[in-house]
Amino acid sequence: YGMPVMGSAFGVEDFGRAIAPGFYRDVGAKREEDAHLHTSAFQADSMVEEMFKFLQLSSCCFFSLSHGANDVANAVGPFASVWGIYSTGKVEKKAPVPIWILIYGGVALDIGLITMGHHIMAALGNRLTLTSPSRGFCIELGAMFTVMVASKVGIPVSTTHCISGATVAVGMCNGNMDAVNWRLFAVIFGGWIITCPAAAFVTGMLFWGVVSSPKPLPTNGFFTGSVPTIN
């Protein structure tokens, strides 16, 4: 009768689907509800698209570098500042960033990409407009230059915002406004507006809870273990 496969016996595939579902689905698959977008877009020759596959691979690598130079730095910078103040007890304008913080930022980025990144890939894959190797090359190259220039100047920007705008611009270059999913773009644009005050509110509430918690002061008996008396 044969031996059962170890992966299926221990549910390894089910565990993988739960942790990293993007590996088990075609995130860029075309959907029937987006067929009108694709028919309104310009279709390039298949040989041209084959040539651009290698070029898109190169632009993707460069775009990853720009992502680390800006987006990851946006998250690692505040964390490195907090760690520097905690470890030295001093507030300085410039401080060296430990290598383990950089590694932590890269690993955290990969975890988020593996677990939840397929949602963004699906939205920007073929739902916003028709995407092909030639279009992807232009999108990644334009967004990469924008992010790298912003990084050089010292302006924190979002690579997701840049590549979303680049995707819409490529869709508009078809000469037909029906080639862009404007409803999805409105949702994305609304998310840009909502996330800033939402993050500020959640962060403010968390910090308020921290500063309002009991503090170890020499006068409240925290260090000696005694309970202060109230007269």
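At the start of helix 7, the backbone nitrogen of Thr-160 has a side-chain oxygen of Ser-158 within 3.3 Å; a polar contact is a pair of N or O atoms within 3.5 Å, where, within protein, one must be able to donate a hydrogen and the other to accept it, and residues adjacent in sequence count only if both atoms are side-chain atoms. This is a predicted model, in which local features need pLDDT of at least 70 and side-chain atom pairs count only at pLDDT 80 or more, while totals for chains, interfaces and linings use all residues. Residues are numbered from 1 along each chain as its sequence is written, and side-chain values use heavy atoms, with hydrogens and water left out.

**Helix 7**
- Helix 7 has 14 residues and spans 20 Å from its first C-alpha to its last, close to the 20 Å expected (1.5 Å times one less than the number of residues); helices are DSSP runs of H or I with at least four residues, numbered from the N terminus.
- Its buried residues (under 20% relative accessible area, with exposed over 50% and partly exposed in between, using a 1.4 Å probe and protein chains only) include Cys-162, Ile-163, Thr-167 and Val-168.
- The buried residues of helix 7 pack against helix 4, helix 5, helix 6 and helix 8.

- Beyond its neighbours within four places in sequence, Leu-128 is in contact (heavy atoms within 4.5 Å) with residues including Leu-37, Val-168, Leu-184 and Ile-188.

**Aromatic pairs**
- Nine aromatic pairs are found in the whole structure, where rings of Phe, Tyr and Trp (its six-membered ring) pair if their centres lie within 6.5 Å, and planes under 30 degrees apart count as stacked, over 60 as edge-to-face and the rest as tilted.
- The rings of Trp-83 and Tyr-86 have centres 5.8 Å apart and planes at 40°, so this pair is tilted; both residues lie in helix 4 (residues 46-88), three residues apart.
- Trp-83 counts as partly exposed at 32% relative accessibility, whereas Tyr-86 counts as exposed at 65%.
- Trp-83 also forms an edge-to-face pair with Trp-100, at 5.2 Å centre to centre and 90° between the planes; Trp-83 lies in helix 4 and Trp-100 in helix 5 (residues 99-127), so the pair ties together parts 17 residues apart in sequence.
- Phe-79, Trp-83, Tyr-86, Trp-100 and Tyr-104 form one aromatic cluster.

Terms used:
Helices (H or I, at least four residues) and strands (E, at least two) are DSSP runs, numbered from the N terminus.
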